[in-house]
Amino acid sequence: MPQTAPRAGTWQGSRPRWWSELPLIAVVYAAYSAGRLLARGDVSTAVDHGLALLHFEQRLNLDFETPLNDLFTANAWIGVPADFAYASLHYVVTPAILAWLWKRRRAADYRLLRTWLLISTLIGLIGFTLMPTCPPRLLEASHGFVDTMAQYSSYGWWGGEASAPRGLGGLTNQYAAMPSLHVGWALWCGVVLWRHGRSVWAKAIGVLYPLSIAVVVMGTANHYFLDAAAGVAVMGVGLLLARPALRLAGLIRARFGAARRLDEAAGTTAGTTAAAAGNGTTTAGTAAAGTASATAANGASNLNVASNVSDKCETAARERERIPRQQGRDADGSRSGDSGGREAGAAARSGRGGETATAGEGAAAAAR
């Protein structure tokens with residue numbers, strides 16, 4: 001039995017429309033940004049969380065941010081590009097790769113990867129809310145960290161308040177450090193490039209980009225190593241939840257679609273019933289009118305038949321009142337005339353004209 005291809009425009013196989021995708025992504029990003037602002041928390045609590053992470057890393061010799069920050073602070077040719085990368089790539093590369101996926105790849109691949117990114121972002125927002133964390137650059141100077149964004153602010157558009165443009169630091173939450181979505185989003189970009197990139201360069205960038213961002217966020221003193229590790233973990237959880245979320249969305253769509261089809265079917269049935277009732281009324285009227293017309297016609301026909309019968313009866317009565325002798329002569333003449341006529345016709349057909357004429361005269365004399 002041949003397989004039927006899904007109808008174009010259905011949810012299963014079609015590419016999502018940009019006018020529906022763009023608002024969805026914008027809403028999630030707006031929720032992410034607003035959540036960062038709402039989850040500022042208590043500064044002292046955020047500092048306590050930051051110091052706890054630092055001390056834990058120091059005990060395990062995992063405080064990679066300390067030597068990297070020293071390197072970035074001492075070398076402007078490293079620190080300045082790192083600041084530019086931290087302030088821009090997070091907001092440029094990720095949307096660009098998302099748009100490339102929407103345009104070039106299969107709809108199923110795009111849906112899965114887009115859902116993965118959105119779910120991971122929402123999980124990160126939960127982390128910002130539950131665990132506000134002071135980044136290394138905002139700790140006291142005695143801990144040995146330097147804010148490279150503030151140190152090299154004359155080279156870029158940022159000031160001393162994270163990556164926000166000068167004067168707009170109040171629009172960001174500087175204590176939303178755990179997990180690091182800079183690292184999480186970069187890992188997502190790397191996976192996409194490695195899996196769907198066709199050239200060797202694309203795959204190489206897919207490996208180097210998330211590693212570079214992890215180094216940048218620690219060297220600029222914006223995140224601890226554990227923040228970066230938490231960003232990777234969040235992306236892992238988001239990937240595990242992406243497929244179930246798509247299945248749930250499909251079930252919801254199917255249920256609402258079925259309910260909508262039932263409503264449409266009910267409306268169509270009601271309209272059909274009303275139309276049938278109207279047609280039945282019209283048919284009944286037409287039948288009644290036809291029956292009345294037929295009855296009238298039958299009555300007139302019966303009257304005509306009755307008059308014809310009566311006329312024939314009267315004629316028959318008059319015929320019986322004639323004189324018996326005259327009736328006999330009429331009958332003999334009629335029979336003779338008929339016989340002569342038949343003989344004349346036969347003669348004409350046989351070509352014997354004279355004999356026919358003689359027979360006709362004889363027949364006439366006999367009649368007289």
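A residue is taken as buried when its relative accessible area is under 20%, as exposed when that area is over 50%, and as partly exposed in between. The structure described here is a predicted model. Under the stated cut-off, W158 counts as buried, because its relative accessibility is 0%. In the protein as a whole, buried residues account for 33% of the 368 residues.

The protein contains 11 helices and 0 strands. Read from the N terminus, the order of elements is accordingly α-α-α-α-α-α-α-α-α-α-α. Of the contacts between residues at least 6 apart in sequence, 80% join residues at least 24 apart. The accessible surface amounts to about 21900 Å², and carbon and sulfur atoms contribute 64% of that surface.

Helix α3, which spans residues 65-74, packs against helix α8, which spans residues 200-219. The axes of α3 and α8 lie 7 Å apart, and the packing angle is about 80°. Angles of 65 to 115 degrees count as roughly perpendicular, and α3 and α8 are therefore placed in that class. On the side of α3, the contact is formed by E65, L68, N69 and F72, while α8 supplies V215, V216, M218 and G219. Sorted by class, the residues of this contact comprise 5 nonpolar, 2 polar and 1 charged.

One of the α3 residues in this contact is N69. With a relative accessibility of 0%, N69 counts as buried. When residues up to four places away in sequence are left aside, N69 touches G144, F145, V146, T148, M218, G219, T220 and A221. Two of these partners, M218 and G219, also belong to the α8 side of the helix contact.

Helix α3 also meets helix α4, the two axes coming within 5 Å and crossing at roughly 105°. This angle makes α3 roughly perpendicular to α4. The residues involved are L71, F72 and A74 of α3, together with A76, I78, G79 and A82 of α4. This contact divides into 6 nonpolar residues, 1 polar residue and no charged residues. F72 of α3 takes part in the contact with α4 and is likewise listed in the contact with α8.

Aromatic side chains were examined next. A pair of aromatic rings is described by the distance of the centres and the angle of the planes. The count comes to 5 aromatic pairs. In one of them, F84 and W158 adopt an edge-to-face arrangement, with 4.9 Å from centre to centre and 80° between the planes. F84 is located in helix α4 (residues 76-104), whereas W158 lies in the loop between α6 (148-151) and α7 (181-196), so the pair ties together parts that are 74 residues apart in sequence.

W157 counts as partly exposed, its relative accessibility being 36%. Through such ring pairs, F84, W157 and W158 are linked into a cluster.

How values were computed
Residues numbered from 1 in each chain as written. Predicted model: local features only at pLDDT ≥ 70, side-chain atom pairs only at ≥ 80, totals over all residues. Heavy atoms only, no water. Axes fitted to C-alpha atoms, helices over the stretch in contact; angles between N-to-C directions. Helix = DSSP H or I, 4+ residues; strand = E, 2+ residues; numbered from the N terminus. Parallel < 35°, antiparallel > 145°, perpendicular 65-115°, else oblique. Contact = heavy atoms within 4.5 Å. Nonpolar A, V, L, I, M, F, W, Y, C, P; charged D, E, K, R; others polar. Buried < 20%, exposed > 50% of the residue type's maximum accessible area, 1.4 Å probe, protein only. Areas by Shrake-Rupley, 256 points an atom, 1.4 Å probe, with all protein chains shown as cover. Phe/Tyr/Trp six-rings, centres within 6.5 Å; stacked < 30°, edge-to-face > 60°.
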